Amino acid sequence: MRHLRIPVTRIEGHGLITVQLDEEGRVREARFHVTEVRGFERFCVGRTLWEMPALTARICGICPVSHLLCSAKACDAILAVRIPRPAEKLRRLMNLGQIVQSHALSFFHLSSPDLLLGWDADPRQRNLFGVAAFNRKLALDGIRLRAFGQEIIEVLGGKRIHPAWAVPGGVNQPLTEAGRDRLAAKLPEALRIAQDALAYYEEHMGAWAEEIEHFGKFPSLFLSLVAPDGSWEHYGGHLRLVDAQRRIVADGLDPARYPEYLGEAVESWSYLKFPYYKPYGYPEGMYRVGPLARLNTCDRFGTKLADEALARFRALAPGQAVTASFHYHYARLIEILGALEKVQELLSDPEILSPRVRAEAGINELEGVGVHEAPRGTLFHHYWVDETGLVRRVNLIISTGHNNLAMNRTVAQIAQRWLTGREITEGLLNRLEGGIRAYDPCLSCSVHAVGQMPLRVVLLGPHGEVLAERTRGA
Amino acid sequence: MITLTLDGVRVQAQEGETILQAAKRAGIRIPTLCYLEGLSPRGACRLCLVEVRTWGGRLVPACATPVQEGMEVVANSERLRELRRAILEMLFAERNHICAFCVSNGHCELQDLAAELGMDHVRYPYRWLPFSVDLSHAKYGIDHNRCVLCGRCVRACAEVEGAATWGFSGRGIFTLVEADLGEPWGQSKTCTGCGKCVQACPTGALFEKGKATSEQVKRPAILLEITERRPRA
């Protein structure tokens with residue numbers, strides 16, 4: 001048994017991968033275990049509804065805004081109000097900022113070391129500093145782009161991380177003219193960076209052909225919100241599922257009625273639940289969410305540059321869905337570009353400066369569901385309250401959770417392709433990690449857990465005996 | 001007039017004034033929590049402890065100790081800073097003061113004191129006792145997790161509003177501020193719904209319903225304004 005510890009991991013969470021071999025030494029099964037539990041759903045019970053947005057935002061420091069906004073939507077449903085139009089536009093603006101900063105973090109800070117330096121590069125080099133030494137412009141661009149996304153959040157909410165700005169019924173402070181102008185001034189650079197990064201990816205895609213083919217390329221369903229007109233959506237609209245042929249399996253699904261069509265299976269070996277599409281059963285009802293899913297489900301993006309990029313993306317699999325999870329990276333870059341175009345639209349909307357940003361109401365429903373698109377995919381917050389507004393029960397389905405089945409399938413596929421003999425090589429470990437990383441999973445969010453984020457890979461023989469083990473990070 | 005020494009400075013005070021009042025006039029800062037101008041002093045929180053040299057170094061609450069001729073008082077010293085910090089840490093360890101999503105985050109006297117006294121961590125084990133939240137009142141809520149038992153609400157209700165709705169029940173760390181005889185606040189027959197208790201409360205324990213995280217700003221100074229405007233008998 002070998003232990004190897006390398007203090008670089010670049011995934012947001014704490015994971016364990018086990019690879020099970022059969023008698024002939026072939027990969028029989030591979031599992032991606034999430035080994036921590038946090039209990040957020042439990043300790044929200046007994047708190048007041050009005051605290052829920054800021055409370056659940058603490059699930060994550062990368063995407064607090066996603067929880068903040070989704071929670072505020074669930075609270076709106078309990079107040080039974082339609083929030084003022086400017087408030088919705090401001091919430092959309094913040095969510096776009098969140099998508100830009102989170103996607104930039106995923107692509108530039110976490111994944112670009114693999115893409116630029118290669119899967120077998122020296123682990124001490126495979127980080128953002130290594131990228132900076134190799135391609136200074138790209139590294140600096142990534143930092144600037146993420147900073148712009150964070151700045152949108154800061155201008156609206158007063159701080160970059162954990163702003164308590166979205167509240168039940170709207171938001172608690174409008175956008176100032178100075179704030180809008182500050183963002184508008186920086187937008188052109190962000191758009192330039194997004195286009196450069198997209199061009200870089202498209203230019204170099206050929207070099208990753210083998211990984212594209214084996215990092216989770218399989219048919220599955222795809223789930224996301226789409227706008228009423230079928231275009232890309234991140235805040236409102238309804239849910240749509242398409243299959244690997246991009247045929248619409250279900251459309252116009254009311255997000256609030258998710259328990260009717262989404263189930264959550266539990267496995268004894270992971271704290272992360274396994275959501276599935278009920279009509280197809282478990283585990284056949286596997287679906288993917290997030291950037292790849294959103295680009296597969298929508299009819300069009302709805303902005304000029306992103307729609308041009310979407311046409312090139314669709315050309316990867318004409319008439320079908322893009323089923324290679326590696327292209328989550330591609331989809332992420334297209335979404336950054338489209339999100340920035342939508343930021344531009346919102347900033348030039350005069351209503352964005354309106355002071356009418358909050359609807360006041362008491363407890364008018366005892367149950368409410370909030371659904372929106374977090375950077376990693378569809379996010380559900382479901383609350384039950386008593387007559388006075390105390391939370392009685394909480395159910396959270398986190399974006400990373402939806403991808404649980406697909407991530408398991410992905411590690412199996414990678415192990416089948418790159419495992420030779422009984423040794424966990426550096427190249428295998430990196431690719432397993434990279435395969436998981438393509439989903440940009442946030443394990444701290446998904447099981448609502450905190451802590452360090454090491455990845456452990458264990459190779460098991462046909463009778464469950466440990467053949468090899470490797471750990472990265474601490 | 002009485003003459004006393006505060007941190008080595010000779011200070012004049014009126015007969016019957018407290019050490020805290022004399023210090024305030026002399027521009028000497030003594031931290032307080034349960035004390036609120038407009039209400040009777042209680043000496044409950046012990047954060048205003050000062051050392052009286054002329055009493056053999058005895059520690060007394062400045063808010064509730066009258067001045068004496070020739071008194072020598074130490075209001076700020078390393079020992080007092082350490083004691084005040086320890087008291088503050090015990091307040092934090094006793095209940096569940098989680099600022100991150102609190103309605104009073106950023107506008108909280110307890111939080112401000114922690115910053116002022118340099119409380120960067122708590123040395124005592126947190127008790128994590130579960131306390132309830134009562135939202136039964138139409139306008140206000142009470143979260144016992146955030147209550148420091150300073151009794152400002154109890155005094156504001158009895159002394160300024162005259163309703164005497166609030167009182168203490170239980171003992172020690174299990175003490176609760178309760179309306180009437182312990183029924184839900186919303187069912188209280190004596191509460192007038194005036195909200196003076198909410199304005200007096202130094203933390204997020206009492207709050208206006210509908211306020212989200214960080215939105216609850218209190219106006220404790222209104223209690224003094226009301227009492228000063230009131231014609232005296």
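Which residues does A:Val411 touch, not counting residues up to four places away in sequence? I looked this up in the model, which is a predicted one. A:Val411 touches A:Ile17, A:Ala30 and A:Phe32, and also A:Leu432, A:Gly435 and A:Ile436, with residues up to four places away in sequence left out of the list.

**Core.** I then looked up the nonpolar core. The largest one has 190 residues. A:Val411 is among the residues with the most contacts inside this core, together with A:Ile334 and B:Cys153. I noted that helix α4 of chain A, residues 85-117, gives the largest share of the core, 12 residues.

**Helix α14 of chain A.** This helix covers residues 404-418. I checked its length: 15 residues at 1.5 Å a residue should span 21 Å, and the end C-alpha atoms are 21 Å apart, so the two agree. I also looked up burial. Of the 15 residues of α14(A), 13 are buried, so the helix is largely enclosed by the rest of the structure.

**Domains of chain A.** The domain assignment gives three entries for chain A: domain 1 (15-36 + 402-472), domain 2 (82-215 + 324-360) and domain 3 (218-323). I took the pair of domain 2 and domain 3 of chain A, whose C-alpha centres lie 21 Å apart. Their contact takes 19 residues from domain 2 of chain A and 19 residues from domain 3 of chain A. On the domain 2 side, α4, α7 (177-204) and α12 (328-347) of chain A each supply at least two residues. α12(A) gives the most to that side, with 10 residues. I sorted the residues of the domain 2 side by type and found eight nonpolar, four polar and seven charged.

**Domains of chain B.** Chain B is divided into domain 1 (2-76) and domain 2 (100-229). The centres of these two domains of chain B, taken over C-alpha atoms, are separated by 26 Å. I noted 12 residues from domain 1 of chain B and 21 residues from domain 2 of chain B in the contact. The side of domain 1 of chain B that touches domain 2 of chain B divides into eight nonpolar, two polar and two charged residues.

**Between the chains.** How many residues of chain B are in contact with chain A? I found 12 residues of chain B in contact with 17 residues of chain A. By type, the chain B side of this contact holds five nonpolar, five polar and two charged residues.

Terms used: Residues numbered from 1 in each chain as written. Chains lettered and ligands numbered in written order. Predicted model: local features only at pLDDT ≥ 70, side-chain atom pairs only at ≥ 80, totals over all residues. Contact = placed C-beta atoms within 7 Å. Nonpolar A, V, L, I, M, F, W, Y, C, P; charged D, E, K, R; others polar. Core = buried A, V, L, I, M, F, W, Y, C linked by C-beta atoms within 7 Å. Buried ≥ 20, exposed ≤ 12 C-beta atoms within 10 Å, placed from the backbone. Helix = DSSP H or I, 4+ residues; strand = E, 2+ residues; numbered from the N terminus. Expected span 1.5 Å × (residues − 1). Domains from an automatic or database assignment.
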